[in-house]
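Biologist: I would like to learn how to read a few structural features with you. Shall we take them one at a time?

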Amino acid sequence: MSTDRGRTGDTVGDTNALWRGRNTGGAYCAAGPDPWYRYNRSIRFYGLTFLAGTKLADIVTTVVGMRYIPSIVEANPVANRLFTEMGLVTGLTVLGFATVLFAACAAELFGVEVRRRYGLPKTALFAQASIYLILSVLFGLVALHNATLIADQTTYMLDGMLAPAAVIGG
């Protein structure tokens with residue numbers, strides 16, 4: 001009867017190798033810890049940070065626009081219905097949290113499946129980073145569009161108040 005525990009440099013039968021792998025941030029193999037776990041953790045952290053930050057900017061600009069500028073309304077009928085039933089801030093918070101959660105789960109599951117099913121760790125990392133980046137840029141563009149609408153409508157509202165003063169002073 002033979003066991004693999006006695007070999008050096010190999011972790012086939014070493015039960016402590018899995019424990020060491022978890023402590024070092026990934027699966028442990030004969031070459032050392034798998035760097036995919038470290039890269040995946042970095043992509044997840046920065047991806048979620050950018051995604052949540054741009055979604056927060058979208059939420060803030062939507063709240064400011066809809067609450068303080070009467071001519072700005074929500075274009076999405078589903079979101080508008082949610083805001084009517086739950087209130088503007090609560091509805092936006094729930095919708096924003098659900099959006100970020102769904103996007104993060106989709107990015108992570110897609111990356112893990114690409115790595116597991118096809119054995120392509122670099123492609124999986126690229127796919128995760130791409131999903132986070134594309135959605136962050138999208139949310140950032142929506143926030144920028146909202147801010148542009150707010151600035152335009154504010155200028156239009158102030159133009160009516162400032163124009164008569166210029167005529168009187170001139």
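Biologist: Are D58 and K55 buried or exposed?

Modeller: Both D58 and K55 are buried; buried means under 20% relative accessible area, exposed over 50%, and partly exposed in between, with a 1.4 Å probe and protein chains only. One word on the source: this is a predicted model, where local features need pLDDT of at least 70 and side-chain atom pairs count only at pLDDT 80 or more, while totals for chains, interfaces and linings use all residues. Residues are numbered from 1 along each chain as its sequence is written, and side-chain values use heavy atoms, leaving out hydrogens and water.

Biologist: What do the side chains of D58 and K55 meet in?

Modeller: They meet in a salt bridge, 3.1 Å from N to O. The rule asks for a side-chain nitrogen of Lys or Arg within 4 Å of a carboxyl oxygen of Asp or Glu. D58 and K55 lie three residues apart in helix α2, about one turn of the helix. Helices are DSSP runs of H or I with at least four residues, strands are E runs of at least two, and both are numbered from the N terminus.

Biologist: How many salt bridges does the rule give?

Modeller: The count comes to five. R44 pairs with E108, with the closest N and O atoms 3.2 Å apart. R44 lies in helix α2 and E108 in helix α4, so this pair ties together parts 64 residues apart in sequence. R44 is partly exposed at 33% relative accessibility, whereas E108 is buried at 13%. R81 and E85 form a salt bridge too, at 2.7 Å between the closest N and O atoms, and both are exposed. There is also a salt-bridge network linking E113, R116 and R117.

Biologist: And how should I read helix packing?

Modeller: Two packed helices are described by the angle between their axes and the distance between the axes. Axes are lines fitted to C-alpha atoms, for helices over the stretch in contact, and angles run from 0 to 180 degrees between N-to-C directions. Here, helix α3 (residues 77-86) and helix α4 (residues 88-118) pack at about 130°, with axes 7 Å apart. That makes α3 oblique to α4, since under 35 degrees counts as roughly parallel, over 145 as roughly antiparallel, 65 to 115 as roughly perpendicular and the rest as oblique.

Biologist: Which residues of α3 meet α4?

Modeller: A79, L82, F83 and M86 do, and their partners in α4 include L88 and V94; contact means heavy atoms within 4.5 Å.
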